[in-house]
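Reader: I would like to know what stands behind the labels used for this model. Please take me through them.

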Amino acid sequence: MLYEQELKTFVEGTTNFFEVAAQHPASIGSPYLMEGSPSVHEYTGVINISGKREGVVYFTAPKAMLTVLLMKMQENDFSHETMKDLVGEVANTISGNARRDFGRDFVISVPSVLSGEKPALPQRPGLRSFIIPINWRSHSAKLVVSLT
Amino acid sequence: MGNATVNGKRPFKLLIVDDSNIMRRRIERSQQFEELQLVGTAGNGFEALELFKKTDPDVVTMDLTMPRMDGIECISKLVALKPAVRILVISALADKATAVEAMEKGANGFLNKPFTDRQLNEAIAELMR
């Protein structure tokens, strides 16, 4: 279960990513808690967490948002593989940055990426998820944090 | 990738290591040093080690979280092969202990992701000083 300060770490990491990498701040909605698997967008980057905490962190976004994000990053490859690469990198960056507060025992995996509207997301039974809504330009995405 | 000089000086050979294609291209595109000559890119530590032996780079940018062989292990192996190599870690891992470990293994600089072009170029300039 996440404490409020820990949740703030992920909110700040998300804010920082969009400010620096996308050069345009995102508006972060109020985080909320839910049971079961939340709905996802077309592309989802998943980071498995182990060590002193266990669970998953994932970033899920629609293709349209990722396309604009890639353009802002001066990329000119908008292929399916590049979309997958990007969601994985966003999830990796936000999770890795969280070690500033969680410490090195917050062990992050390399990203795995799911695409499609109803992918099988890893979910530990009984573990609830915090959803952090992300609004960037005219697009919506979310960061999902589900940790012991 | 030839041996031509830049302003009469031998160019520094650059190897970029990151498991993200986007990041590899970003680093290549954003670095502004004409004396840096890209000799290769690698997606994990194993590939980096192979390319390192073939291309003998002077400067390496190194991600840490990668499949097959992570960056920390790779740094140790590269430094054992060429102690004078200059290594800039570019990683999302933001805890102090990881930065200290990377430096102890032989890295010369540490830049956190996400980064701006300016931060990247300042870190590379520091590395080549």
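Author: What follows is a short exchange on a predicted model, with values set against cut-offs.

Reader: What makes α3(A) and α1(B) roughly perpendicular?

Author: Their axes cross at roughly 85°. Angles of 65 to 115 degrees count as roughly perpendicular. α3(A) and α1(B) are therefore given that label. The two axes come within 8 Å.

Reader: Which residues meet where α3(A) touches α1(B)?

Author: From α3(A) come T82(A), D85(A), L86(A) and E89(A). From α1(B) come N21(B), I22(B) and M23(B). By class, the residues of this contact are three nonpolar, two polar and two charged.

Reader: How many residues does each chain give to the whole contact?

Author: Chain B gives 21 residues and chain A gives 21 residues. On the side of chain B, α1 (21–30) and α4 (96–105) are the elements that give two or more. α1(B) gives the most, with five residues. That side of chain B has 10 nonpolar, six polar and five charged residues.

Reader: Which residues of α1(B) are buried, and what do they pack against?

Author: The buried ones are M23(B), R24(B), R25(B), R26(B) and I27(B). The cut-off for buried is 20 or more other C-beta atoms within 10 Å. These residues pack against α3 of chain A. In chain B their partners are β1 (12–17), β2 (36–42), β3 (59–62), β4 (86–91) and α5 (117–128).

Reader: Why does R137(A) count as partly exposed?

Author: R137(A) has 15 C-beta neighbours inside 10 Å. Buried needs 20 or more, and exposed needs 12 or fewer. R137(A) is therefore partly exposed. R137(A) lies in the loop between β7 (129–136) and β8 (139–147) of chain A. Its phi is positive, about 55°, although R137(A) is not a glycine.

Reader: Which peptide bond is cis, and what is its omega?

Author: The cis bond joins K113(B) and P114(B), with omega about -5°. P114(B) is in the loop between β5 (109–112) and α5 of chain B.

Reader: What is the confidence in chain A?

Author: The mean pLDDT of chain A is 91, and 95% of its residues reach 70 or more. Confidence is highest in α3(A), at 97. Confidence is lowest in strand β2 (residues 32–34) of chain A, at a mean of 91.

How values were computed:
Residues are numbered from 1 along each chain as its sequence is written. Chains are lettered from A and ligands numbered from 1 in the order in which they are written. This is a predicted model: local features need pLDDT of at least 70, side-chain atom pairs count only at pLDDT 80 or more; totals for chains, interfaces and linings use all residues. Two residues are in contact if their C-beta atoms, placed from the backbone, lie within 7 Å. Helices (H or I, at least four residues) and strands (E, at least two) are DSSP runs, numbered from the N terminus. Ala, Val, Leu, Ile, Met, Phe, Trp, Tyr, Cys and Pro count as nonpolar, Asp, Glu, Lys and Arg as charged, and the others, Gly among them, as polar. Axes are lines fitted to C-alpha atoms, for helices over the stretch in contact, and angles run from 0 to 180 degrees between N-to-C directions. Angles under 35 degrees count as roughly parallel, over 145 as roughly antiparallel, 65 to 115 as roughly perpendicular and the rest as oblique. pLDDT is the predictor's confidence in each residue, from 0 to 100.
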